[in-house]
Amino acid sequence: MIRLENVVRTYVRHGQTVTALHCKHLKIEMGEYVAVIGPSGSGKTTLLSLLGGMLSPTAGQIYLDDCSLYEQSVAVRSAIRLSRMGFVFQTFNLIPYLTALQNVQVPLSLKGDARDVQDSVATSMLCRFGLGDRLNHKPSELSVGQQQRVALARTLVNGPQIILADEPTGNLDPASREVVLKAFDDCHSEGRTILMVTHDLAAAAHAGRRLVLREGSISEQSDVISEAA
Amino acid sequence: MTLKSLVWNELRERPWSVVSSSIAILLGVAALVAIRHVTVHSEQEVSRQLSSLGANILILPRDASLQNYYAADRNGQTLPEEHVSEVLLAGLPGVEKVSPKLSMPAKMGGLDVTLTGILPQSEFTAQAAWQTAAMFTPNRHEGCTKASHGPSDVDGTPESLNTSRSIDSLAKDQVVLGADVAERSAFSDGDTVEMLGGKFTVLGTLSRTGTVDDSRVFAHLHTVQDLAKTGEVCSAIEIIGCCEDAAGDLVPELSKLLPNTRIVTVSQVLQTQVGVNRLMGGTSWFVLGILVVVGGASLATAMAANVRERRREIGTLMAIGATPGFVLRLFLMKALILGVVAGTVGCLLGLVTAIIAGPQWAGVAIMPLWSLSLVAIVAATGIAVAAAYFPARHAAKLDPCSCFQEV
């Protein structure tokens, strides 16, 4: 379970303190599929960074299984991200000088897996996303949709319980978008927790729960599906 | 995928960035290695010359300039050969051998050579009066073996020109070839060669010395005088002293005896080279300083720029689960590889430069000094890693949120 208690995150810009996010209470159960929607600058990415243990709150606590995330050391938070969380980025963030296979091997390497294990696990993960014939292609040699599938394979290769996605369908054509959303659906059906930040209301409709962020404030919204429909 | 392969892949992808970031270190190491190689070999050569020729004295024309002991007789001026008799008849203590030389430019089979006339020691035996005079010399130098002017029974081969700067026997129609001349002309023992209109038989070939002697052809002094029509003159008279002490005492005596000449010891000649060595030694420390400051600063700047360029990539790695320690190691590993590669390439470049330029700069042949090369590579690596430490630490402290498009 992920829980936010009285979390506030502020930034100082040009001498002015700006509140990017304030959340009195938010609880996300394990296995939930949550979509966060809201206009640009509403604090969606800040929320994702806070939940990923990468941005400490100015005030309040974030709990992961009743354990305060930011009371852990940086190294422990890195280990949590490596073993329990997976990030999906809007711009994929593949490492440009590595092949598709090598990109997917990076999390396995960080975990300390042996070379042959990395090869077999990463290859089978890429094959699952239909990229068995693109193992040795660099990101620049792949289409946008293929790049996002490589990024998805990299996210899922360590078997994370929690997937944090930042506009995962933002740059995709309809076919690739469907592949990504289907992958999220599959992950959800496997019992993984998904928190997806998106502008795409149709994509948000795949989630079982929708949150709306407005000027840093989070609220539940249950009628998104009908609006999108 | 390992930390090392991650770094290698990045370096392979950006070769120009690698070259530009490590060029200062590479050039610094090359300069340092080249200068140190020449300095060390030059010092060894000075030391070798001092130990083997320390007791030698040169009698030169008064206005002769002198930079190099081996080329002392190539100054274009001459002095009368009768000075040889004067020295021997004076019976000065400590004089072991006297060797007059006359050098002339000549062509041998189309090859430009220096024809050097020398007087074999057997000529001195023929002049019994000199030996008699020496026997009655009252002031023999303490610690010296008895001065004898004539053939020795130690080394009678042409090679003695290299080892004792004189030769026992050399007929008037014989020549001895220096190593370079023999190699370039392809003449060997027993061949007939023609120079200055005279015909000679090759008596032997000298081994390589790394000095101008390698490009000389040695013939009988009187033959050279006759062919060159110079009269009874020589370019220099070399006196082989019995010990370094004796050489020091001999100089004032000889100056008194031959007032119109210039008398120098080998030590004096070598002072010039010692001065050059000191200068080069100082220069090598200066280059090391430049290497540390410029090479280090250049690499640190390149590394800081690389950190800025790769903010998103670093953020992504951290989001995936890389620890700050991993990011720190990533950049330090890169610096380590750059240091080793730049150090090794710079070292090889410096070695090649020293080997090619050494004989011209300092007149010495250069052999690789592996321990010095290893120290240069280790120093380059150390500087690279130290220079990269702060940019690497900065990278390790980057906000991982930079992997997101906006915050």
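Visitor: Is helix H3 (residues 100-111) of chain A mostly covered or mostly uncovered, and how many of its residues are buried?

Guide: Good place to start, and please keep in mind that this is a predicted model. Helix H3 of chain A is mostly covered, with 11 of its 12 residues buried. The buried set runs through A:Ala100, A:Leu101, A:Gln102, A:Asn103, A:Val104, A:Gln105, A:Val106, A:Pro107, A:Leu108, A:Ser109 and A:Leu110.

Visitor: How should I read the facing of residues in a helix, and what do the buried residues of H3(A) pack against?

Guide: The general idea is that an α-helix has 3.6 residues a turn, so residues three or four places apart point the same way. In this model, the buried residues of H3(A) pack against helices H2 (74-84), H4 (115-128) and H5 (144-156) of chain A. They also pack against chain B, through helices H1 (3-13), H11 (311-320) and H12 (324-362). After H3(A) comes A:Gly112, with a positive phi near 100°.

Visitor: Let me try a single residue. Where is A:Gln105 found, and is A:Gln105 buried or exposed?

Guide: A:Gln105 sits in helix H3 of chain A. A:Gln105 counts as buried because its relative accessibility is 3%, and the cut-off for buried is under 20%. Its side chain makes a polar contact with the side chain of A:Asp119, at 2.4 Å. Not counting residues up to four places away in sequence, A:Gln105 touches A:Gln118, A:Asp119, A:Ala122 and B:Met1.

Visitor: One of those partners belongs to chain B. How much area do chain A and chain B bury between them?

Guide: The size of an interface is often given as the accessible area lost when the parts come together. Here chain A and chain B bury about 2700 Å² between them, 62% of it on carbon and sulfur atoms. In chain A, the residues that lose the most area to chain B are A:Met54, A:Tyr97 and A:Leu110, together 26% of what that side buries. Counted by residues, 35 of chain A are in contact with 28 of chain B.

Visitor: What should I look for in a nonpolar core, and which residues touch the most other members of the largest one?

Guide: In soluble globular proteins, nonpolar side chains tend to be buried together. The largest nonpolar core here has 56 residues, and those touching the most other members are A:Val106, B:Ile25, B:Val29, B:Leu299, B:Ile314, B:Leu330 and B:Phe331. Elements that each supply at least two residues of this core include H3 of chain A and, in chain B, H1, H2 (15-53), H10 (266-309) and H13 (370-396). H12(B) contributes the largest share, 12 residues. A second, separate core of 38 residues includes B:Leu92, B:Leu102, B:Val193 and B:Leu258.

Visitor: Which residues does B:Val29 touch, leaving out those up to four places away in sequence?

Guide: B:Val29 touches B:Leu291, B:Gly343, B:Gly346, B:Cys347, B:Ala376 and B:Ala380.

Visitor: Now for sequence separation. How far apart are A:Leu4 and A:Leu51 in sequence and in space?

Guide: They are 47 residues apart in sequence and 8.7 Å apart in space, C-alpha to C-alpha. A:Leu4 belongs to strand S1 of chain A and is buried, with a relative accessible area of 0%. Beyond its neighbours within four places, A:Leu4 has contacts that include A:Cys23, A:Leu26, A:Leu47, A:Leu51 and A:Ile62. For chain A, residues 24 or more positions apart account for 68% of the contacts with a separation of 6 or more. In chain B, 81% of the contacts between residues at least 6 apart join residues at least 24 apart.

Visitor: And how many helices and strands are there in chain A and in chain B?

Guide: Chain A has eight helices and 10 strands, and 56% of its 229 residues count as buried. Chain B has 13 helices and 11 strands, and 51% of its 407 residues count as buried.

Note on methods
Residues numbered from 1 in each chain as written. Chains lettered and ligands numbered in written order. Predicted model: local features only at pLDDT ≥ 70, side-chain atom pairs only at ≥ 80, totals over all residues. Heavy atoms only, no water. Buried < 20%, exposed > 50% of the residue type's maximum accessible area, 1.4 Å probe, protein only. Helix = DSSP H or I, 4+ residues; strand = E, 2+ residues; numbered from the N terminus. Contact = heavy atoms within 4.5 Å. Buried area = accessible area lost by both parts, 1.4 Å probe. Core = buried A, V, L, I, M, F, W, Y, C linked by side-chain atoms within 4.5 Å. Polar contact = N/O pair within 3.5 Å; in protein donor to acceptor, adjacent residues only side chain to side chain.
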